[in-house]
Amino acid sequence: MTTENRRIWVVDDEPDVLEALTLLLRSADYAVVPCRSGRELLDTLDEGTTGCILLDLRMPGMGGFEVQRELARCGCRYPVVFLSGHGDIPIAVQAIRAGALDFLEKPVRDAKLFEVVERALAEDRRRRAVAVAKRDARDLLDSLSPREAEVADLMLAGLKTREIAERLELSPRTVEMHRARLLRRLGARTSAEAVRIIGRARDIAQVS
């Protein structure tokens with residue numbers, strides 16, 4: 001994996017700490033974007049590649065939790081790992097409850113930092129895969145005509161052609177026509193396969 005696919009934003013207002021973390025992560029072949037403030041992070045953030053954010057908790061102006069809230073408001077998916085030289089259990093719990101992936105107290109051991117960074121990158125890849133699957137599922141469901149969607153609903157409920165026809169006040173022949181179009185649209189060979197595809201798409205689309 002190239003460094004462009006392993007980008008880490010490091011946010012810390014202490015120049016020495018920022019430089020040390022940047023050099024350490026770059027030595028491990030990560031692409032690092034050093035930021036001296038939360039505002040600089042928000043101005044330089046680009047979600048076009050796999051990445052994560054190492055965010056100092058206590059900074060002048062916009063603190064770590066405030067930055068985290070702004071990231072959530074903007075819909076940023078990147079996992080956040082908090083760093084602090086003043087960490088304690090209540091702050092760690094607050095950070096995790098606010099959605100942070102982890103909380104590291106400075107100075108952090110190299111091995112621990114790399115371990116958490118790799119976990120954060122894996123989590124970002126997972127979130128991206130889920131987002132793509134949800135988008136594809138919604139596109140599939142949106143591609144159905146209103147009548148095809150009605151027929152799909154009743155197929156999912158286990159109704160047969162004649163029962164669907166009675167429920168929708170259509171002829172069985174018309175229902176079969178809509179069912180055939182539905183199968184072609186889904187690329188399914190059988191009604192059972194179509195039901196599985198629709199059911200899975202709806203489950204994926206509803207994932208929070």
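For the charge count here, Lys and Arg are taken as positive and Asp and Glu as negative, with His and the chain ends left out. On that basis, the 34 positive and 34 negative charges of the chain have mean positions 8 Å apart. Keep in mind that this is a predicted model. Below is a quick look at the overall fold, the surface and a few salt bridges.

**Fold and overall shape**

- The chain has nine helices and five strands.
- Going along the sequence, you get the pattern β-α-β-α-β-α-β-α-β-α-α-α-α-α.
- The chain is more spread out than a compact globule, because its radius of gyration is 24 Å, well over the 17 Å that the globule rule gives for 208 residues.
- The C-alpha trace spans about 75 × 35 × 30 Å along its principal axes.
- Among contacts with a separation of 6 or more, 63% are between residues 24 or more positions apart.

**Burial and surface**

- Buried residues make up 42% of the 208 in the chain.

**Asp 56 and Lys 106**

- The structure holds 18 salt bridges, and one of them pairs Asp 56 with Lys 106, with the closest N and O atoms 3.3 Å apart.
- This pair ties together distant parts of the chain, 50 residues apart: Asp 56 sits in strand β3 (residues 51-56), while Lys 106 is in the loop between β5 (102-105) and α5 (110-142).
- Asp 56 counts as buried, at 2% relative accessibility, and Lys 106 also counts as buried, at 17%.

**Arg 119 and Asp 102**

- Arg 119 makes a salt bridge with Asp 102, and here the closest N and O atoms are 2.4 Å apart.
- Helix α5 supplies Arg 119 and strand β5 supplies Asp 102, so the bridge links distant parts of the chain, 17 residues apart.
- Arg 119 is partly exposed at 35% relative accessible area, whereas Asp 102 counts as buried at 15%.

**Arg 185 and Glu 148**

- Arg 185 bridges to Glu 148, with 2.9 Å between the closest N and O atoms.
- Two helices are joined by this pair: Arg 185 lies in α8 (residues 172-186) and Glu 148 in α6 (residues 146-156), 37 residues apart.
- Glu 148 counts as buried at 2% relative accessibility, but Arg 185 is partly exposed at 41%.

Conventions. Residues are numbered from 1 along each chain as its sequence is written. This is a predicted model: local features need pLDDT of at least 70, side-chain atom pairs count only at pLDDT 80 or more; totals for chains, interfaces and linings use all residues. Side-chain values use heavy atoms; hydrogens and water are left out. Helices (H or I, at least four residues) and strands (E, at least two) are DSSP runs, numbered from the N terminus. The radius of gyration is taken over C-alpha atoms; the globule rule is 2.2 Å times the number of residues to the power 0.38. Buried means under 20% relative accessible area, exposed over 50%, partly exposed in between (1.4 Å probe, protein chains only). Contact means heavy atoms within 4.5 Å. The place of a charge is taken as NZ of Lys, CZ of Arg, CG of Asp or CD of Glu. A salt bridge is a side-chain nitrogen of Lys or Arg within 4 Å of a carboxyl oxygen of Asp or Glu.
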